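The entries follow in the order I took them.

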Amino acid sequence: MSKHFVTCERMKELERLTDERGISYYQMMENAGTGAFAEIMSRSGVCRGQSAVVFCGKGNNGGDGFVVARKLCQTGLVVTVVLVDGEPVTEDAKENFRLLLGMPVPVQILDMTTGFEVAVEMLKEPTKEPDLLIDAIYGTGFYGELRPSAKTAAGYITRFRNKAYALDIPSGLCGDMKEGDTINADSAKVAATITFHAPKPVHLIPAAQEYCGEIRTVNIGIHE
């Protein structure tokens, strides 16, 4: 992996400049989801008829997840979307969520009162395990501690980490984490992380590799 990286603050600035120069935030989200989808399909080996669970937060990382979910469904996978923090709140994520509502993609809300496996429809069958899991809960805007619902989702993702892929950053890790910083042990652990435009500082920390897995970078239309 290249030692070139951008901080989370710099990434926000690059996205703003790119939007001003004609590639919209919405198009960057589409590019991110499409690029992540291509990477995931090339590495996971999943195919038509197999199952995927996409865990989405309410911000733009969740919006990237909605794009991936749409692409997976169009490929013929049986896709379930789990809203970990409720419905999306950013405009671009809302639009991609709206596109999903017209597709055969069940949407479940993680309800901590009923238990996680009840929340995911496809997991009501006790012997059924997902063939693919996508962590699109939190990205570069996350810091601090995971909320209970996100902590539960991250734990579930970690159970099947060899089938799991994170978009940009595994949920629970701070993107600007430096060597020596304390890693949140509740963070999701995945087989690979698909990061956008360039690695973030956390991707270069050896201790974080246990959580990030293989790091792959996709272009979302930003040219510095």
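Before reading any packing value I noted that axes are lines fitted to C-alpha atoms, for helices over the stretch in contact, and that angles run from 0 to 180 degrees between N-to-C directions. The model is predicted.

Entry: α2 and α4. I looked up this pair and found an angle of about 55°, with the axes 9 Å apart. Angles under 35 degrees count as roughly parallel and 65 to 115 as roughly perpendicular, so α2 is oblique to α4. I noted the crossing of α2 past α4 as right-handed. On the α2 side the contact residues are Tyr25, Tyr26, Met29 and Glu30, and on the α4 side they are Asp92, Ala93, Glu95, Asn96 and Leu99. I sorted this contact by class and got 5 nonpolar, 1 polar and 3 charged residues.

Entry: α2 and α3. I then took α2 (residues 25-44) against α3 (residues 60-75), where the angle is about 55° and the axes lie 8 Å apart. That puts α2 oblique to α3. The crossing of the two is right-handed. From α2 I listed contact residues including Met29, Glu30, Phe37, Ile40 and Met41, and from α3 residues including Asn60, Asp64, Val67, Arg70 and Leu72. The classes in the contact of α2 with α3 are 9 nonpolar, 5 polar and 4 charged.

Entry: α3 and α4. For α3 with α4 (residues 91-101) I read an angle of about 25° and axes 8 Å apart. The two helices are therefore roughly parallel to each other. Their crossing is left-handed. α3 contributes Asn60, Gly63, Phe66, Val67, Ala69 and Arg70, while α4 contributes Ala93, Asn96, Phe97, Leu99 and Leu100. I counted the classes in the contact of α3 with α4 as 7 nonpolar, 3 polar and 1 charged.

Entry: largest pocket. How much space lies in the largest pocket? I read about 690 Å³. The pocket is lined by 26 residues, and the closest to its centre are Gly59, Asn60, Asn61, Thr140 and Gly141. I looked up which elements give two or more residues to the lining and found α1 (8-20), α2 and α3. The largest share, 4 residues, comes from α2. By class the lining has 11 nonpolar, 6 polar and 9 charged residues.

Cross-check: I marked Asn60 as one of the residues closest to the pocket centre, and found Asn60 again among the α3 residues in contact with α4.

Technical notes. Residues are numbered from 1 along each chain as its sequence is written. This is a predicted model: local features need pLDDT of at least 70, side-chain atom pairs count only at pLDDT 80 or more; totals for chains, interfaces and linings use all residues. Side-chain values use heavy atoms; hydrogens and water are left out. Angles under 35 degrees count as roughly parallel, over 145 as roughly antiparallel, 65 to 115 as roughly perpendicular and the rest as oblique. A crossing is left-handed if the near helix is turned anticlockwise from the far one by less than a right angle, and right-handed if clockwise. Contact means heavy atoms within 4.5 Å. Ala, Val, Leu, Ile, Met, Phe, Trp, Tyr, Cys and Pro count as nonpolar, Asp, Glu, Lys and Arg as charged, and the others, Gly among them, as polar. On a 1 Å grid over the protein atoms alone, a cavity is a set of points where a 1.4 Å probe fits but cannot get out, and a pocket is an open set with protein on both sides within 12 Å along at least five of seven lines; lining residues have an atom within 4 Å of a point. Grid points are joined across faces, edges and corners, and a volume is the space filled by probe spheres set on the points.
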